[in-house]
Amino acid sequence: MPQSTSSSIVATGARNWRDYALLFALACCWSSTYPLAKLALDTIPPITFISARSLIAAAFLFAILWMRGVRVPTDAKAWKLFATQQLINSTFPFLIITWSQQYVPASNTVVLASTTPIFAFLITSLITRHEPATLLKLLGAILGLAGTIAIIGLDALRGFGSEIVAEIAILLATISFACATIFGLRLSEYDPMVVAAGSLLFGGLLLLPPSLMIDQPWTLHPTPTAITATIVMGIVSSALGLMLFYMCLGRLGTLTTNAQGYLRIPIGVGLSVLLLGESVPSNLVLGLVLVMAGVAAMTVPAERLKLR
């Protein structure tokens, strides 16, 4: 990742409560991914599900852009950026994780996927240096990871290494997510809704041919619950979530935006309890304390604590 990324930074102004409200809203949108995907994947195969939710999200956003009278860029440069961002932020990592989950327990997957903020810190600190990578933010990333482990239980640490290839694949997916938060800064000149719409359209169309050839959607019999979950996930998690993601990148920068990854864990657990009737983890309180401490360390501007 070249250092020229720094020229795209726009998150240099003073932050206010609205910026952090956007971060919380992003965490809420993406937290719904876990329970909604579980409801949809019961009767809809993964490739078809990802393609359908992406195309639904793209249609939703393009309709809003049309009503707003916003012009969508048609030049090759813009669509090359949209395509690259979608590949490293969604298509590649989601397919890798979906494959890996056949061999790796869900709890282990959550822990491995929660290393994204740490990888983002390392890439920012050692390679791109496009924003200050303070020790406070690194501490926050570590605390957030510890809180994630506490919430899903220490049993999640057992069995690591038994499926080393699949576990390495998940780590590669998290590195891809981390790179996407940095590469996404190059898209700051575009309306966040335009970026989200273009990226989702590319991702949905990319997976449409394999969906038609492999899954043959016309032979499927999805339940009304699965169809509803796919539509809701397309609009809330994909459309609104991706739009908020690019807004947060522009306002808060890479490392702070990654803090939402930890907020998603307790919110996702809460949604799973409400929507799926799952039990409340015994270490939820401890995990929440660690997660909130980690998020605070990653989001509080360093200059306020004189720790720059």
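Contact here means heavy atoms within 4.5 Å. Among contacts in the protein chain between residues at least 6 apart in sequence, 91% join residues at least 24 apart. The model is predicted.

Start with the fold. The protein chain has 14 helices and zero strands. Read from the N terminus, its elements run α-α-α-α-α-α-α-α-α-α-α-α-α-α. The chain holds 308 residues, and 49% of them are buried. Its accessible surface comes to about 14200 Å². Carbon and sulfur atoms account for 69% of that surface.

Now go inside. In soluble globular proteins, nonpolar side chains tend to be buried together. The largest nonpolar core in this model has 32 residues. Within this core, Leu61, Phe82, Leu187, Tyr190, Leu242, Phe245 and Tyr246 touch the most other members. Two or more residues come from each of helix 1 (17-31), helix 3 (46-68), helix 4 (76-100), helix 9 (192-215) and helix 10 (224-252). Helix 10 gives the largest share, nine residues.

Take Phe82 as a way in. Leave aside its neighbours within four places in sequence. Phe82 is then in contact with Pro73, Leu187, Tyr190, Val194, Val195, Gly198 and Ser199. There is also a second, separate core, made of twelve residues. Ala27, Ala141, Leu145 and Val295 are among them.

Next, the aromatic rings. The structure holds five aromatic pairs. One of the pairs is Trp30 with Phe245, with ring centres 5.4 Å apart. Their planes stand at 35 degrees, so this pair is tilted. Trp30 sits in helix 1 and Phe245 in helix 10, 215 residues apart, and the pair thus links distant parts of the chain. Both residues, Trp30 and Phe245, are buried. Ring pairs also bring in Tyr246, making a cluster of Trp30, Phe245 and Tyr246.

Phe94 and Phe177 form another pair, and here the geometry is edge-to-face, because the planes lie at 65 degrees. The ring centres are 5.7 Å apart. Phe94 lies in helix 4 and Phe177 in helix 8 (residues 164-183), so the pair ties together parts that are 83 residues apart in sequence. How is each ring residue covered? Phe177 is buried, with a relative accessible area of 16%. Phe94 counts as partly exposed because its relative accessibility is 27%, and the cut-off for buried is under 20%. The charged end of Arg53 sits over the ring of Phe94, 5.0 Å from its centre.

Side chains of opposite charge can pair when their charged atoms come close. A search of the whole structure finds two salt bridges. In one, the side chains of Asp19 and Arg251 meet at 3.0 Å, N to O. Asp19 belongs to helix 1 and Arg251 to helix 10, so the bridge ties together parts 232 residues apart in sequence. Asp19 is buried, at a relative accessible area of 5%. Arg251 counts as partly exposed, at 39% relative accessibility.

The side chains of Asp191 and Arg68 also meet in a salt bridge, at 2.9 Å, N to O. Asp191 lies in the loop between helix 8 and helix 9, while Arg68 lies in helix 3, 123 residues apart. Asp191 is partly exposed at 25% relative accessibility. Arg68 is partly exposed too, at 44%.

The Trp30 and Phe245 ring pair links them.

Notes:
Residues numbered from 1 in each chain as written. Predicted model: local features only at pLDDT ≥ 70, side-chain atom pairs only at ≥ 80, totals over all residues. Heavy atoms only, no water. Core = buried A, V, L, I, M, F, W, Y, C linked by side-chain atoms within 4.5 Å. Buried < 20%, exposed > 50% of the residue type's maximum accessible area, 1.4 Å probe, protein only. Helix = DSSP H or I, 4+ residues; strand = E, 2+ residues; numbered from the N terminus. Areas by Shrake-Rupley, 256 points an atom, 1.4 Å probe, with all protein chains shown as cover. Phe/Tyr/Trp six-rings, centres within 6.5 Å; stacked < 30°, edge-to-face > 60°. Lys NZ or Arg CZ within 6 Å of the ring centre and 35° of its normal. Salt bridge = Lys/Arg side-chain N within 4 Å of Asp/Glu carboxyl O.
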